[in-house]
Amino acid sequence: MDGDHLKTLILFGALLLSMPLSAAQLNLELGASSHTWQTEQLLKHPQVQTITITNDVSYKRDMSYRAVPLAALLTGIKPDDHLQAVALDGFAAELAAAPLLNTQGAQAWLAIEDPAKPWPPLSEGKHSAGPFYLVWTDPQAGNISPEQWPFEVASIKRMAPVAERFPALLPDPALKTDDPVNKGFALFQKNCLACHRLNGAGDAQFGPDLNIPFNPTEYFGADFLKRYIRDPQSLRQWPQAKMPAFATTVLPEGDLELLVGYLKHMAGRKIKP
């Protein structure tokens, strides 16, 4: 290779490294009001503003973002609807619509990464949380789970409720609606289903199945299971560990009891996929 060709390659490589991130698009699949938003459109949205997130779940520090209230984008969505936020890597967060539509208290925002001002990587060798990231102001007011902060979001879809899509997750139908086990099932959907399947049911591919071949209530003592959910790294540590901790501000002690009660109940309702 002659000197001129080498110089050209070096200049081309330097140009690539200096180029800003490319713009992205967010697909909102909401039925009749479906819409595709480009980064530039969202950054010019009439309601876009700069918000500060205290102790951001993904970055573990205070962060500032250009963001739009998520409720402003969820046209036609009603509080009793069910949504799924799908990330670029396939992570699928199951989201009840009601909290996403709040305009006070715990409020959901779509943070938009400006290609000209990229966010920092989540960790060494990783991508940023962009191009779109669902963040919350005052999350403690709504006991917002870490699983309700999906990052690298590619689409938000209106879906049938989890119980309709995955009947293998259902507790005994003879139980009353307000039975503690059914309350635990609602907490399982909110806090666990983004990463785990149960009885082979669910869209997640990240964590192990929580009933097949064994349920964690079958191999963890009750106190250790609760401790594991509270702070997984306090019991098991390895470089690839991804399960977040669930503090009492996110999962109060009473809710943790209900969640474990659901898991224990489902240990008696194994359905092999």
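Me: Which residues does L100 touch, leaving out those up to four places away in sequence?
Reply: In this predicted model, L100 is in contact with L70, A71, L74, L83, L95, A108, L134 and W136.

Me: What about the largest nonpolar core: how many residues has it, and which have the most contacts inside it?
Reply: The largest nonpolar core has 45 residues. Those with the most contacts inside it are Y65, L70, L83, L100 and V135. Another core, of 26 residues, lies apart from it, and includes V162, F220, V250 and L251.

Me: Why would such side chains gather at all?
Reply: Nonpolar side chains tend to be buried together in soluble globular proteins.

Me: Changing topic: how many disulfides are there?
Reply: The structure holds 0 disulfides.

Me: Now the charged side chains. How many salt bridges does a search of the whole structure find?
Reply: The search finds 6 salt bridges. One of them joins R158 and D81, with 3.4 Å from N to O.

Me: Where do R158 and D81 lie in the chain?
Reply: R158 is in strand 9 (residues 153-159), and D81 is in the loop between strand 4 (63-69) and strand 5 (82-87). The pair therefore ties together parts that are 77 residues apart in sequence.

Me: Is each of them buried or exposed?
Reply: R158 is partly exposed, with a relative accessible area of 42%. D81 is buried, at 11%.

Me: What does R165 pair with?
Reply: R165 forms a salt bridge with D203, at 3.1 Å from N to O. R165 belongs to helix 4 (residues 162-165), while D203 is in the loop between helix 5 (180-191) and helix 6 (216-219), 38 residues apart.

Me: And which residue forms a salt bridge with E218?
Reply: The partner of E218 is K270, and their closest N and O atoms are 2.9 Å apart. E218 is in helix 6 and K270 in the segment after helix 8 (253-266), so this pair links parts of the chain that are 52 residues apart.

Note on methods:
Residues are numbered from 1 along each chain as its sequence is written. This is a predicted model: local features need pLDDT of at least 70, side-chain atom pairs count only at pLDDT 80 or more; totals for chains, interfaces and linings use all residues. Side-chain values use heavy atoms; hydrogens and water are left out. A disulfide is a pair of cysteine sulfur atoms within 2.5 Å. A nonpolar core is a set of buried Ala, Val, Leu, Ile, Met, Phe, Trp, Tyr and Cys residues joined through side-chain atoms within 4.5 Å. Buried means under 20% relative accessible area, exposed over 50%, partly exposed in between (1.4 Å probe, protein chains only). Contact means heavy atoms within 4.5 Å. A salt bridge is a side-chain nitrogen of Lys or Arg within 4 Å of a carboxyl oxygen of Asp or Glu. Helices (H or I, at least four residues) and strands (E, at least two) are DSSP runs, numbered from the N terminus.
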